Amino acid sequence: MTKRQSRMVWVGVLLGGVALAAVLGFKALRENMMYFYTPTDLAANDAPRNARVRLGGLVERGSLVRGEGLLVTFTLADCAQKVSVRYEGILPDLFREGQGIVATGALGDDGAFTADEVLAKHDENYMPPELAEGLKSADGRHNCAPFKSVNGNLASADAPALAR
Amino acid sequence: MAEIGHYALILALAVAIAQGVLPVLGYWRGDQRLLGIGVSGAQTQFALVVLAYAALSLAFVDNDFSLTYVASNSHSQLPLIYRLSAVWGAHEGSLLMWLLMLTGWGFAVSLSSRRLPPDIAALVLATMGAISVGFLLFMLATSNPFERQFPVPAEGRDLNPLLQDPGLIIHPPMLYMGYVGFSVAFSFAMAALITGKLDLAWARWTRPWTTTAWLFLTMGITLGSWWAYNELGWGGWWFWDPVENASFMPWLVGTALIHSLAVTEKRGVLKSWTVLLAILAFALSLLGTFLVRSGVLVSVHAFATDPARGVFILAFLTIVLGAALLLYAWRAPRLVSDGAVQLVSREGLLLLNNVFLVAAAAAVLIGTLYPLVIDALGLGKISVGPPYFNAIFLPLMVPLAVLVGLSARIGWKRAKLGEALWSLRWVALTTLIAAVLLPYVLERSFAWLAIAGTALSVWLMIGALLDVTHRVRSRRDRWQGLRSIPAATWGMTLAHFGLGVWTLGVTYAGLFSVEKDVRLGPGQSAEIGAYTFTFQGTEHREGANYQSDLGTVFVERSGQPIATLNPEKRLYPSQRSVMTESAVDHNPRRDLYVALGEPIGDADWALRLYYKPFMRMVWFGGVLMFFGGILAASDRRYRLERSALNAPVTSAQTAAT
């Protein structure tokens, strides 16, 4: 092989590799992207049914119901709309009624959301930015009265089971 | 005392400016005295930052809650060791730690500067000084840890309980050492571009620094993964969380840099590529800082957010990367290669390895930044989950693993592919047999992914040893042969072997883990494979600064008791936060993992049970790479004095290690 040919082989290998990586990459990206919705989006039928999405909202007080085994249902709401969520598994440490969470799962044909993953954040005043924005409040705090007061007055009711 | 710390930082800024500007002026004018300011500046700056760091530590020891930072991250009940580690427990302090590392690296370079030509040493230190200026400005302007508050609170708000763990005491410093360490390679690259000299000697100076930075990063990532496994209570060891990615991207590019530096040293080629990688590795470290500190991410690691900080770091990143790339575009064409690269040669394979590593880093970068870009453009809120990263990352690792074994039998410069393949026939055969047998013997499986993973792992481990065995065989006296192997080769062997061990762990823990979330009352049990987990209930405990429910779980295997595990649920009242302390019974073969979920009803608990085969191998592989890095960085040939002979050995590398 002449020097020129060998260089062309190199360039070919490189281009081929880059192209392959790009194709695979964008295919994988498209297939694994999850959109974020609020209960209002779901109520307005903005979200696709039976596709994996992320749903963020506040857990409505008094809505948590335990079922058989590890099954739980609760209502997730933003300031305007509610959606019922079904989840089978262990809730995160920071899951509390009145608190903001993000559930990953799919919206069924019956309008109920089945989650396979529930995330809660570490700070009681902290909320995932996308959720905070969804709730139309810029500072990361929220003030939907039915759920939780801004200054944490309802703190004692929030403490986990452990403290009882 | 706090004011002294603050004052020391301001002084350090002044010194850093002098250190960043004057040596460059000296280089331009050929003024030796100005060049010398690099060394004295780096040492003064280090002393000042140490002073500031000591001042902050003292404030934590004394529970000086008049400092806002101390009050928000400490508590009088907090054990002393955690009060000391709380210094880097949040944004401001970890920035100070970052700065301490940066100036520490500068100090180490200044100590070894006698081995470098004065102009190179001065330019390297000037670059590091300029980077320091950026971070000092950032700190003084937006994140001063010495800020006082009034009125002084009687009690602190306590350290985030997640961080009250031995793993977390050393994870951040290790990670920062790695991140910041790439600034040295970056500075050497700048010096090479400015002087236009990039020769064998330059590669030899740069290699140990890069390897040292890399080994710290390796350890930092490994520790982080181990900590997440133990503390987060999800039993996972890697989540493709954006902040994990932020540390993983510099690691990938840093790994590529180590390999391309080897080529530059041995063959004098790929020079401008090496320089580019050095720039990228540090740029990705800065990007990591930006991602973690700006609050654009939703993550375990995201500290309290302040948009001004994000903007500052982004501007700093733009300036550093922009200036470096401009200089690169202008000067890199001067870096002439000493020869051409043949595809079938060790340097050719190393270049391929670079392509795969950089492609992997690019894929991770796209997955990490894409949601941010989409959000910034107002196109919706999306997230990219682990399936994307697994789908893209794992296929890219396959050719890398194949290359490692292959390159052991391919020489520098030019080689015959056929001969190399033929000489590997027994290795290949062994690999194949092992790959088919092992998954069946260990897990009763013929899954093709398990076979492929085992094959790669065995291939890597044997391939790693080939270099050593070959060197031993080529001597008549085997013992002599063994002793003549340089430390760098041992280091490479160990690190590649570690990669094989890691692959084994990832394959088995990934494919054959069994997870069960169950609801158990006292006396009830659940089974995973041959293991029976019996829940005995929980009892209440009082810890130093927390209360806990301590569970007891007996594990039996076919009637034989294996272990008693005590998973714990802790409540830290000062922050009103709950922590899950999982309990793990482990041996090299498997982990049995139990975490308490939540209490349900009167005495029932939700429990998370795991069986994870070869889980330890994932971290053990990382540890092997770490020690491989130490061996490689300590190779004697990097410590050869410029002026040879008599000078005493002040090895900055060992000091830094």
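**View 1. The interface between chains A and B.** Chain B places 37 of its residues in contact with 36 residues of chain A. Contact requires C-beta atoms, placed from the backbone, within 7 Å. On the chain B side, the elements that give two or more residues are helix H12 (346-376), strand S1 (382-384), helix H13 (386-407), strand S2 (514-520), strand S7 (568-572), strand S8 (577-581), strand S10 (590-600) and strand S11 (604-613). H12(B) gives the most, six residues. By class, this side of chain B has 22 nonpolar, seven polar and eight charged residues. Nonpolar covers Ala, Val, Leu, Ile, Met, Phe, Trp, Tyr, Cys and Pro; charged covers Asp, Glu, Lys and Arg; the others, Gly among them, are polar.

The model is predicted: local features need pLDDT of at least 70, side-chain atom pairs count only at pLDDT 80 or more, and totals for chains, interfaces and linings use all residues. Residues are numbered from 1 along each chain as its sequence is written, with chains lettered from A and ligands numbered from 1 in the order in which they are written.

**View 2. A strand pair across the two chains.** Strand S1 of chain A (residues 33-37) pairs with S1(B). The sense is antiparallel, over three bridges. Pairing requires at least two DSSP bridges between the strands. A:Met33 sits opposite B:Val384 of S1(B).

**View 3. Chain B as a whole.** Chain B holds 20 helices and eleven strands. Both are DSSP runs numbered from the N terminus: helices are H or I with at least four residues, strands are E with at least two. The C-alpha trace spans about 80 × 75 × 55 Å along its principal axes. For 657 residues, a compact globule would have a radius of gyration near 26 Å; chain B has 26 Å, which agrees. That radius is taken over C-alpha atoms, and the globule rule is 2.2 Å times the number of residues to the power 0.38. Buried residues are 54% of the 657 in chain B. A residue is buried with 20 or more other C-beta atoms within 10 Å of its own, exposed with 12 or fewer, and partly exposed in between; C-beta atoms are placed from the backbone. Among contacts in chain B with a separation of 6 or more, 74% link residues 24 or more positions apart.

View 4. Strand S4 (residues 531-542) and strand S5 (residues 547-557) of chain B run antiparallel, joined by ten bridges. Their hairpin connects them through four residues. B:Thr538 faces B:Gly551 of S5(B) across this pair. S5(B) also pairs with strand S6 (residues 560-565) of chain B, antiparallel over five bridges. Here B:Val555 is opposite B:Ala563 of S6(B). Two residues lie between the strands of this hairpin, where B:Ser558 takes a positive phi near 40°. B:Ser548 has B:Arg570 of S7(B) as its bridge partner.

**View 5. The bend in helix H15 of chain B.** The 19 residues of H15(B) (residues 425-443) should span 27 Å at 1.5 Å a residue; the end C-alpha atoms are 27 Å apart, which agrees. The expected span is 1.5 Å times one less than the number of residues. H15(B) bends by about 25° at B:Leu437, and B:Pro439 follows within four residues. The bend is the angle between axes fitted to the seven residues ending at a position and the seven starting there. Buried in H15(B) are B:Thr431, B:Ala435, B:Leu438 and B:Pro439. Their cover includes helix H16 (448-473) of chain B. B:Arg444, after H15(B), has a positive phi near 55°.

View 6. B:Arg476 lies in the loop between H16 and helix H17 (478-483) of chain B. B:Arg476 is exposed, because 7 other C-beta atoms lie within 10 Å. Its C-alpha atom is 42 Å from that of B:Ala189, 287 residues apart along the chain. By contrast, 21 of the 26 residues of H18(B) are buried, so H18(B) is largely enclosed by the rest of the structure. H18(B) covers residues 487-512 and should span 38 Å; its end C-alpha atoms are 37 Å apart, which agrees.

**View 7. Chain A.** Chain A has four helices and seven strands. From the N terminus on, the order is α-β-α-β-β-β-β-β-β-α-α. Of the 164 residues in chain A, 30% are buried. Residues 24 or more positions apart make 51% of the chain A contacts with a separation of 6 or more.

Key
Two residues are in contact if their C-beta atoms, placed from the backbone, lie within 7 Å.
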